[in-house]
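I opened the model to record its confidence, its fold elements, its ligand surroundings and its core. The entries below follow the order in which I looked things up.

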Amino acid sequence: MTETVLKNDAPARLPTVDSSRCDGCNQCIKACPRAAIYKPGEVTCSKCIKYCLSMEVPCSHARIAFSYEACDACGRCLSACVPRALSWASREWLFPRS
Ligand code: SF4
Ligand code: SF4
């Protein structure tokens with residue numbers, strides 16, 4: 001299993017997505033100057049059942065995902081998101097053991 005490793009000087013807050021509000025418009029991806037947002041690969045249960053059994057890959061239906069190690073918390077993605085699906089979360093909340 002791969003875990004995101006944040007540097008000690010990582011921003012105190014990072015963007016997070018409410019998937020119930022996200023319509024997959026990609027505006028946040030276009031707005032991010034650091035390529036820190038991407039579309040997760042299409043995953044279906046029939047294809048990933050062996051991973052589900054081992055919990056190697058967390059099940060997610062999110063339309064976007066973050067490369068937090070690249071994010072500098074500029075906030076441009078939040079400004080670009082018309083449905084207001086993005087909000088800030090504290091680094092400690094996202095990565096309690098980092
Ligand atoms: S801009 Fe908002 S609604 Fe559009 S893909 Fe990004 S998070 Fe989802
Ligand atoms: S806060 Fe800035 S760097 Fe981080 S994901 Fe959003 S647009 Fe990209």
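Predicted model: local features only at pLDDT ≥ 70, side-chain atom pairs only at ≥ 80, totals over all residues.

Residues are numbered from 1 along each chain as its sequence is written, while chains are lettered from A and ligands numbered from 1 in the order in which they are written.

**Entry 1: contacts.** I looked up L86 and found that it touches P15, V17, C28, C77, L78 and C81, leaving aside residues up to four places away in sequence. I then took the contacts in the protein with a separation of 6 or more; residues 24 or more positions apart account for 89% of them.

**Entry 2: confidence.** The pLDDT, the predictor's confidence in each residue from 0 to 100, averages 83 over the protein, and 72% of the residues score at least 70.

**Entry 3: elements.** I took helices (H or I, at least four residues) and strands (E, at least two) as DSSP runs, numbered from the N terminus. The protein has 4 helices and 4 strands, in the sequence pattern β-α-β-α-β-α-β-α.

**Entry 4: ligands.** I counted a residue as near a ligand if its C-beta atom, placed from the backbone, lies within 6 Å of it. Ligand 1 has 15 residues around it, with C22, C25, Q27, C28 and C81 nearest. Ligand 2 is surrounded by 14 residues, the closest being C32, A36, C71, C74 and C77.

Entry 5: I called a residue buried if 20 or more other C-beta atoms, placed from the backbone, lie within 10 Å of its own, exposed if 12 or fewer, and partly exposed in between. Buried residues make up 15% of the 98 residues. A nonpolar core is a set of buried Ala, Val, Leu, Ile, Met, Phe, Trp, Tyr and Cys residues joined through C-beta atoms within 7 Å. The largest has 14 residues, of which C28, I37, C77 and L86 touch the most other members.

**Entry 6: backbone.** A35, in the loop between α1 (27-31) and β2 (37-38), has a positive phi near 50°. A35 counts as exposed because it has 10 C-beta neighbours inside 10 Å.

Terms used:
Contact = placed C-beta atoms within 7 Å.
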